[in-house]
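Me: I have a protein model open and I'm new to this. Can we walk through a few of its residues together?

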Amino acid sequence: TCCGKAPQTHYYALEYKLLNEPVSLSPLPVFIEKFAAYPLMDQDNLLYKTSPFEFKLDAYRRWVLPPHAMLTQKADEYFKRRPLFSEVLHKIPSDRACYLLTGRVMHFEEIDFGGQRIAFVSIWFETFNLKNDALILSEIIENKSPIEGDDAEAIVEAMSKATASVFDALAQALSSRFARNLQ
């Protein structure tokens, strides 16, 4: 018999600083619907690719939440701290107009082939004005951030940077649409 010890499981969360770029404020609040995800993005294992064809799950390095749930939470935090909308709501109001922000997590993984290690985040966002059912935005926003280091924290740092860049790009895209609507 062997008296080996099982490897310890480690849990990680995204952390990043917000850019203080000016945005055009919407007079309406936003309801952020729980993001959807493709099946591989529906589990908490860190995901990585070592070839264009195969995805692998890390059994001992995990996210604190599955990526789609964690990214929904981060979107909520992002728009509370960066006031693009007048308010972030946790249910759709029946007494006033609001925007609906949805997301589908398409990629949230480490890519480790082709001579470079990168963090890849891709989310398909849609934003609707629920007052008139108008589609404001339907766009896939993605970012690739280099992984600088060999440990898990380097991966998480790069995933955090890529995520922050995706949310910054979303905020800028929405801001420009709001500015056009005010003219």
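Me: Let's start with S86. Is S86 buried or exposed, or partly exposed?
Reply: S86 is partly exposed, because its relative accessible area is 42%. Buried means under 20% relative accessible area, exposed means over 50%, and partly exposed is in between (1.4 Å probe, protein chains only).

Me: What kind of model is this, and how are residues numbered?
Reply: This is a predicted model, where local features need pLDDT of at least 70, side-chain atom pairs count only at pLDDT 80 or more, and totals for chains, interfaces and linings use all residues. Residues are numbered from 1 along each chain as its sequence is written, and side-chain values use heavy atoms, with hydrogens and water left out.

Me: Back to S86. Where does S86 lie?
Reply: S86 is in the loop between α1 (67-81) and β6 (88-89). Helices (H or I, at least four residues) and strands (E, at least two) are DSSP runs, numbered from the N terminus.

Me: Which residues is S86 in contact with, leaving aside neighbours within four places in sequence?
Reply: L25, S26, P27, L28 and P29. Contact means heavy atoms within 4.5 Å.

Me: Which backbone oxygen does the side chain of S86 reach?
Reply: That of P27, at 3.3 Å. A polar contact is a pair of N or O atoms within 3.5 Å; within protein, one must be able to donate a hydrogen and the other to accept it, and residues adjacent in sequence count only if both atoms are side-chain atoms.

Me: New topic. How many salt bridges are there?
Reply: The count comes to 12 salt bridges. A salt bridge is a side-chain nitrogen of Lys or Arg within 4 Å of a carboxyl oxygen of Asp or Glu.

Me: Show me one. What does K74 pair with?
Reply: K74 meets E15 in a salt bridge, at 3.8 Å from N to O. The pair links distant parts of the chain, 59 residues apart. K74 is in helix α1, while E15 is in the loop between β1 (10-12) and β2 (30-32).

Me: Are those two buried or exposed?
Reply: K74 counts as buried, at 9% relative accessibility. E15 counts as exposed, at 58%.

Me: And which residue does E139 bridge to?
Reply: E139 forms a salt bridge with R177, with the closest N and O atoms 3.7 Å apart. E139 lies in strand β9 (residues 134-146) and R177 in helix α2 (residues 152-182), so the pair ties together parts that are 38 residues apart in sequence.

Me: What about D58?
Reply: D58 forms a salt bridge with R61, and their closest N and O atoms are 2.5 Å apart. D58 is buried, with a relative accessible area of 12%. R61 counts as partly exposed, at 21%.

Me: Which side chain has a polar atom 3.0 Å from the backbone oxygen of D58?
Reply: The side chain of N45. N45 lies in strand β4 (residues 45-49). N45 is buried, because its relative accessible area is 10%.

Me: What does N45 touch, not counting residues up to four places away in sequence?
Reply: N45 touches L57, D58, A59, R61, R62 and W63.

Me: Last one. Which residues are linked in a network of salt bridges?
Reply: E110, D112, R117 and D150.
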